Amino acid sequence: GLLTADDLQRPLTKQRMGEIDRLVHDRALGFGTVGVSLWRGDRVIAYSTDASSVGRKGRNDENLEIALAGELAKEIKSASTVDINVIPTSSGHDLMEIYVPLRLGGSKVLGAFELYHDVADIEDRIVAVRGAMFVALGGGLAVLFVALLLVVRGASRQLQHQSDELALFAARQEVARLQTEFVGIVSHELRTPLTAL
């Protein structure tokens, strides 16, 4: 099933074209991908979801050159300006064209894989991910709030208990002081008549 170096070095047989077509339809098309082309190193389309473009030599395409030099390349294009017939998009307007260099097991770039992706689908996914992030963030904040509320409630109870103990300790000290003072006053008052006697 997967691509081989032979697929990018000579024209594909009808059987191999069918195998690659099944592979592309199973793994690449759908989920916003509306077109695929497989470029050989000599800038000829070896495979495409648009069968009429197979064998066509690529014109001066800066992104294809970047991919054949070993770097990922991408740009946004109007659906009306792409070079192959693509599956009609939901938006009918913009596509992201992505070129991926193909090395197929070695270090030398043998060709490039070109994908056309519906920008509206990307935007929908971004909106969905953003929504999921807000829900997760909101849920996390709610959990954090409940946890902090429990911590604060526990700390408040502990502080109240300590405050009650301090008040009790202060009251005991006051009672002890009053007792000492009372004993001092009584002793003084008893001493004065005794001294007179």
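Arginine 177 and glutamate 174 lie three residues apart in helix 3, so about one helical turn separates them; helices here are DSSP runs of H or I with at least four residues, strands are runs of E with at least two, and both are numbered from the N terminus. The two side chains form a salt bridge whose closest N and O atoms are 2.4 Å apart, a salt bridge being a side-chain nitrogen of Lys or Arg within 4 Å of a carboxyl oxygen of Asp or Glu. Glu174 and Arg177 also belong, with Glu181, to a network of salt bridges.

The model is predicted, and local features need pLDDT of at least 70, side-chain atom pairs count only at pLDDT 80 or more, and totals for chains, interfaces and linings use all residues. Residues are numbered from 1 along each chain as its sequence is written, while side-chain values use heavy atoms, with hydrogens and water left out.

**Salt bridges**

The structure holds five salt bridges, among them the following pairs.

| Pair | N to O distance |
|---|---|
| Arginine 177 and glutamate 174 | 2.4 Å |
| Glutamate 65 and arginine 43 | 2.7 Å |
| Aspartate 42 and arginine 40 | 3.1 Å |

The bridge between glutamate 65 and arginine 43 links distant parts of the chain, since glutamate 65 belongs to helix 2 (residues 62-68) and arginine 43 to the loop between strand 1 and strand 2, 22 residues apart. In the pair of aspartate 42 and arginine 40, aspartate 42 is partly exposed at 36% relative accessibility, whereas arginine 40 is buried at 12%; buried means under 20% relative accessible area, exposed over 50%, and partly exposed in between, with a 1.4 Å probe and protein chains only.

**Nonpolar cores and a surface patch**

A nonpolar core is a set of buried Ala, Val, Leu, Ile, Met, Phe, Trp, Tyr and Cys residues joined through side-chain atoms within 4.5 Å. The largest such core has 15 residues, of which Val24, Val36, Leu38, Tyr47 and Phe113 touch the most other members. Two or more residues of this core come from each of helix 1 (14-27), strand 1 (33-40), strand 2 (45-48), strand 4 (94-102) and strand 5 (111-118).

On the surface, Phe134, Leu137, Leu141, Leu144 and Leu148 form a nonpolar patch with about 530 Å² of accessible area together. Such a patch joins Val, Leu, Ile, Met, Phe, Trp and Tyr side chains within 5 Å, from residues with over 30% relative accessible area and no salt bridge. Leucine 144, located in helix 3 (residues 119-196), is partly exposed at a relative accessible area of 46%.

Methods: Patches are made of residues with over 30% relative accessible area and no salt bridge: like charges are joined within 9 Å, nonpolar side chains (Val, Leu, Ile, Met, Phe, Trp, Tyr) within 5 Å. Accessible areas come from the Shrake-Rupley method with a 1.4 Å probe; for residues, only the protein chains shown count as cover.
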